Amino acid sequence: MNSEYKNKINEHYAKQNLFDSILQSIDDAGLDRDKISRDDISSFEEFHIGGRDATRHLADFVQLEKGVKLLDIGCGIGGPARTLAVEYECDVTGIDLTEEYIDTAKRLTKLVGLGDSIKFQVENATELSFESNSFDIVWMQHVNMNIENKDKLFAEAQRVLKPLGQLVFYEILQLNDEPLNFPVLWASSQELSHLIDEDSYREKLENAGLVEVQWDDRTLFAIMWFERLAKLKQKKESHKLNLSQVTHNNIPEKVANVLQSLQDQKICVVQAAYSKRP
Ligand SMILES: C[S@@+](CC[C@H](N)C(=O)[O-])C[C@H]1O[C@@H](n2cnc3c(N)ncnc32)[C@H](O)[C@@H]1O
């Protein structure tokens, strides 16, 4: 693995002692850390536009079945993995390149009473350790933007999928060549941002032996979600445990830049499912 790349991803995403900072914030909010539920951490545990609602929407979109073996690539601190394990009864494994996130994912999962029921491990999406034909679903939410080698990303997803499996994603793509204003949520500068346009993305999926089953544009949902969040903030009706500043730096500036890029039609948000070509 390119350790320089890993360091840069870790530097962008990780915060030192993240789990301890979360515990401290729980105490500061007057909550009992021994009685924390998934709902208490729902405002910050899913790092993608739309949070838990977007995860449920994607799961319903692909009619996710109970009991499937699911690999969540770029699982962050495990919010989506917990949603899929608890609400959709999936057998979930989450991988992420950011070590602090995997550590936090394991500890948060225990904190909300789910023990070791979800497997989390540090891995690079382009060099997976799993055997071929291992998963029914490979899941990805807001990860591709950090990965330059999408051919390898999709080849690995295709390889670890079982013959009737599906790659399911909710991702940000580029609509034109106009440069973004940085920082954005996934990158502080152009160096870590590897957006490509819809046609190139589709072509790379197909070249990896994946066939489109469904494709849906979610840009309007994304814009409306950011706008609703801003209104709630203005009215000071945010969630009791709003830890975005604990998990990330410069959130307001990053959110403003992403929202502006969506409104300016520089980027879009899509969700889709691809099956393995027979
Ligand atoms: C915007 S966050 C999304 C996290 C999670 N999917 C969610 O929705 O809550 C992007 C995640 O991708 C991870 N990531 C970036 N490049 C990666 C790679 N090459 N392999 C594995 N994870 C990667 C980052 O560490 C980060 O946790």
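All the close-ups below come from a predicted model.

**Close-up A. The cis peptide bond at Pro-183.** Have a look at the link between Phe-182 and Pro-183: the peptide bond is cis, with omega at about 5°. As for where this happens, Pro-183 sits in the loop that runs between strand E5 (161–174) and helix H7 (198–207).

**Close-up B. What surrounds the ligand.** The shell around the ligand is made up of 24 residues. Phe-47, Gly-74, Gly-76, Thr-98 and Ala-125 are the closest of them. Helix H1 (3–13), helix H4 (79–87) and strand E2 (91–96) are the elements that each give two or more residues to this shell. If you sort the shell by class, you get 12 nonpolar residues, 10 polar ones and 2 charged ones.

**Close-up C. Helix H8 packed with helix H10.** Here helix H8 (residues 219–234) packs with helix H10 (residues 251–263), and their axes are 10 Å apart. The angle between the two is about 140°. Angles over 145 degrees would count as roughly antiparallel, so H8 and H10 are oblique to each other instead. The crossing of H8 and H10 is left-handed.

**Close-up D. A positive phi at Glu-89.** Glu-89 isn't a glycine, yet its phi is positive, near 55°. For reference, 12 or fewer would have made a residue exposed.

**Close-up E. A positive phi at His-142.** His-142 is another residue that has a positive phi without being a glycine, and the value is about 55°. His-142 belongs to the loop between strand E4 (135–141) and helix H6 (150–160). With 22 other C-beta atoms within 10 Å, His-142 is buried, because the cut-off for that is 20 or more.

Notes:
Residues numbered from 1 in each chain as written. Predicted model: local features only at pLDDT ≥ 70, side-chain atom pairs only at ≥ 80, totals over all residues. Near = placed C-beta within 6 Å. Helix = DSSP H or I, 4+ residues; strand = E, 2+ residues; numbered from the N terminus. Nonpolar A, V, L, I, M, F, W, Y, C, P; charged D, E, K, R; others polar. Axes fitted to C-alpha atoms, helices over the stretch in contact; angles between N-to-C directions. Parallel < 35°, antiparallel > 145°, perpendicular 65-115°, else oblique. Left-handed = near helix turned anticlockwise from the far one by under 90°.
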